[in-house]
Amino acid sequence: MIENLSEYLFSIAIGIRFRANFALEDKLGNIVDDILYSTDSFFNPDFFPEVASNVNEKTLFHRENENRLTINNSNFILEVNLAEFDQKSIDQINNRFNEDIIKGVLKKYKVTQINRIGYIHRYSLGVGNIAENFIDKTIGT
């Protein structure tokens with residue numbers, strides 16, 4: 001039996017989906033510069049040392065820990081992997097995403113009409129047959 005679920009937390013993801021804003025496509029470089037190089041930036045080049053560019057999308061990432069921030073004309077998706085559970089670090093990431101991305105970038109670039117905000121905790125439970133047990137106990141055959 002699992003006593004403390006937080007011991008199995010290995011990743012969080014925060015996503016914001018908004019109405020497609022095609023003007024953002026022209027400003028993706030400016031947005032990346034704001035995120036990486038603003039004064040006191042949390043999501044700075046140490047946090048995201050690399051940037052990948054695709055058509056109408058930028059991904060800031062860290063190859064070693066696989067953290068990433070994907071930005072396009074309708075989404076900001078942050079994925080952070082945790083070496084171990086640390087509520088203080090998670091709170092700091094949440095607060096800085098709120099300050100730097102939501103109140104910072106989205107406000108600066110006048111992104112409105114938010115359709116969805118998602119917050120995901122990813123766990124690795126390592127419990128045999130957990131999927132089958134979950135299905136049997138919730139929806140049955």
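Modeller: Start with Ile-135, which sits in helix α3 (residues 130-138). Helices here are DSSP runs (H or I, at least four residues), strands likewise (E, at least two), and both are numbered from the N terminus. The model is predicted: local features need pLDDT of at least 70, side-chain atom pairs count only at pLDDT 80 or more, and totals for chains, interfaces and linings use all residues. Residues are numbered from 1 along each chain as its sequence is written, and side-chain values use heavy atoms, without hydrogens and water.

Colleague: Is Ile-135 buried, partly exposed or exposed?

Modeller: Buried means under 20% relative accessible area, exposed over 50%, partly exposed in between (1.4 Å probe, protein chains only). Ile-135 counts as partly exposed because its relative accessibility is 39%.

Colleague: And Phe-22?

Modeller: Phe-22 is in the loop between β1 and α1 (28-37). Phe-22 counts as exposed because its value is 57%. Phe-22 and Ser-74 are 52 residues apart in sequence, yet 8.3 Å apart in space, C-alpha to C-alpha.

Colleague: How does one find empty space?

Modeller: Rolling a probe the size of a water molecule over the atoms shows where empty space is left.

Colleague: Which element gives the largest share of the lining of the largest pocket?

Modeller: That is β6, with six residues.
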